[in-house]
Amino acid sequence: MNVISSISIYVLLALGIFPLALTAQHFDFSVGSGQVSLEPQRNVLSLSLAGYGGPRDGRFTLKWEDLGRLATGIDDVVFINAKPFVLRSGDVWRIDNPAEGNKLKQLTFDSDITLLAAEGKRLYTVNNRGEILTATLGKKLKWRKIGLMADVDRPVALVIFGKEIIAADDQGGIWRSAQAGGNSSWARIGNLAGVIDLVVHSGRLYGLTDNNELAYFEPSGNWLRIAIKNDKNYRHDIHKVAVSNDVLHGFDASGSYYRGTHYSDGNLKAGAVFIKKGKERAILIGLDVCGFDADFVTGVKSELFLKYHIPASAILINASHTHYAPVTQRWTTWGEHCQRPDSLYLYTTVKEGILNSVRLAIKGAKDANLFFGRGTADIGRNRNLPGDNLPYDKDLDVIRIDYKNQQASDVLFLAGCHPVFNAKEEEFYKISANYPGTARALLAHHSAIRNPFFLQGCGGDINPVDADHNVTGKKVADAVIEVLEKDRMTRVHGDITCFLDTVSFPTRPWAKQDLLALKAEKEKLVGDIYAEERVRWANLMLSYYANGNMPNEMPVFIQTINIGNWKLVGVSRETTTEYSLAIKKLWPDQLVTVAGYCNDVSSYLPTSRHIKAKIYEGDDSFFWYSQPSSFPEQVHEVIIDSIKSKNR
């Protein structure tokens, strides 16, 4: 990207496009901003990516990095104080320097150990008589018998999980017993077909199977796949796993070992902009996630209200809708790996990321002025509507935030286009903010920009024209710079008012007999992800009938935040481009920005054109979003009329 030269910066400063000395100016607002990473932390080993129903086996974040050769003939391995202890031919060996894996120290001799586990500074073993032994590390290992594997036939894995011993047998059975002396009884707690190893991390039990599938044992007693070999980011045949310093390690049959990481561009962010005028306040939050459920957003807003007394109507939460972020909402008709967000990621990373970005924004608030500019980002196309001259809102809106006694400005920018498609097949499995992340990174290197923030517009039916998201990101960044350099931006001034309205539409559920017929038809198509999705949808609707809780309405949330003469309208769901065009026409003489994907991303928000054409946005997508029905044909007109009549 072309960076503004120092000479041109002085020209811009002289023109007033960027501030130089603001101490003598009048400031309309108090503004602060904060950005926090949403990258997965070490408390989760691997995560499912959102945004695509395929491939059938899922897309996961785990990547194995080759660390070299540890030792040959490894039958089991554990770590204590970052040092590997391996089981070879019935004896335990210690490796003091994993980088020189052939230098092993033998700790037991002529033993008959078959399994190895560790917790703290203690080793646990099982011998070929089924005895469970433990010893504390020291100059000499003093083994003490603590139990028997009496109820577990042919165990293949052993771990210590709190005060319990967990074992797996060669038939996939998972067993639990207390760490007590004597012949402790064992209880079968589940089954994982093909299990060959177990590992405990961050209070969770994980299992590795013989088809290189890593699964997490949920509190419900079910196993949920979180990684599988795919010849992209997971390419190796792993037969043993262990954790050291919160890092997953894998070992293959040849003695090579690998470090597990999250395959990522490293650019997922939560960004918040806090704006205050008098006693009125507003918070604009952008997240690099595919979407979120309304109950999650409601919970976050409730916490922010309790802490800062800012009402929900004044807090806008927007999803960038990148299709390369971990699952953060319930996709109940998708493959099981997408049906439930990982709770650790959702609450300790995403939720805390939102709260921390807001905290930083409020804490750092200071006198500032806002300026509005509009350019064009011709980055997309209407992807499914038939015909010519299809609607597409190309507007790129830019808010520049000039702070007192600070030369660099914060920049908030909005474009409406799906963050999808990558140039390389391998990137399909990689965590990425997609083009919004590229645009932010380029803008962050601009000498006159401090922090760039992205909000997603009404891109529900708009896909990029370029396959490479970096090309799209550069086009967006260039368009933002063009607005900042060439436009005489309009100063934002006036009071802050905030509103949150709901337009509800009745659902039109299918009849039971139609659901049963659909299920019977699609169940015949074994292995077809589209057929499987329809079966799951039919089962969900039938369960609603059985439990008497069929959803009877589909709410659309319309949030309006007026910051002086700038009106920001946030619409829920995957908002299609005609909503942006129509809402702006309601106030032709005002500065109006329209964001989709706000506060709830529970379906597409189509127009009559999508519904009449029976294309994805108007019909098929509602099965994928687990909705009882599509919207009525006049949904667009009803929503626009509601916004017009309220005139917020």
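In which sense do strand E15 and E16 pair, and over how many bridges? Strand E15 (residues 195–201) and E16 pair in the antiparallel sense, over 6 bridges. Helices (H or I, at least four residues) and strands (E, at least two) are DSSP runs, numbered from the N terminus, and two strands pair if DSSP finds at least two bridges between them.

Before we go on, a word on what you're looking at. This is a predicted model, where local features need pLDDT of at least 70 and side-chain atom pairs count only at pLDDT 80 or more, while totals for chains, interfaces and linings use all residues. Residues are numbered from 1 along each chain as its sequence is written, and side-chain values use heavy atoms, with hydrogens and water left out.

Back to the strands. Val200 has Leu205 in E16 as its bridge partner. The hairpin of E15 and E16 has 2 residues between the strands, and Ser202 there takes a positive phi near 50°. On to the next strand: E16 and strand E17 (residues 213–217) run antiparallel, joined by 3 bridges. Here Leu208 stands opposite Leu214 in E17. This hairpin, of E16 and E17, has 3 residues between the strands, and Asn212 takes a positive phi near 60°.

Now look at how E16 (residues 204–209) is covered: 6 of its 6 residues are buried. Buried means under 20% relative accessible area, exposed over 50%, and partly exposed in between (1.4 Å probe, protein chains only). Arg204, Tyr206 and Leu208 point one way from E16, while Leu205, Gly207 and Thr209 point the other way.

Next, the rings. A pair of aromatic rings is described by the distance of the centres and the angle of the planes. Rings of Phe, Tyr and Trp (its six-membered ring) pair if their centres lie within 6.5 Å; planes under 30 degrees apart count as stacked, over 60 as edge-to-face and the rest as tilted. The structure holds 22 aromatic pairs. Take Phe251 and Tyr257: their ring centres are 6.1 Å apart and their planes are at 10°, so this pair is stacked. Phe251 is buried, with a relative accessible area of 1%, and Tyr257 is buried too, at 8%. Tyr435 and Phe454 form an edge-to-face pair, 6.0 Å centre to centre with 80° between the planes. That pair links distant parts of the chain, 19 residues apart: Tyr435 is in helix H5 (residues 435–444) and Phe454 in strand E29 (residues 449–456). Both Tyr435 and Phe454 are buried.

Let's finish with helix H12 (residues 635–646). Just after H12, Asn647 takes a positive phi of about 50°.
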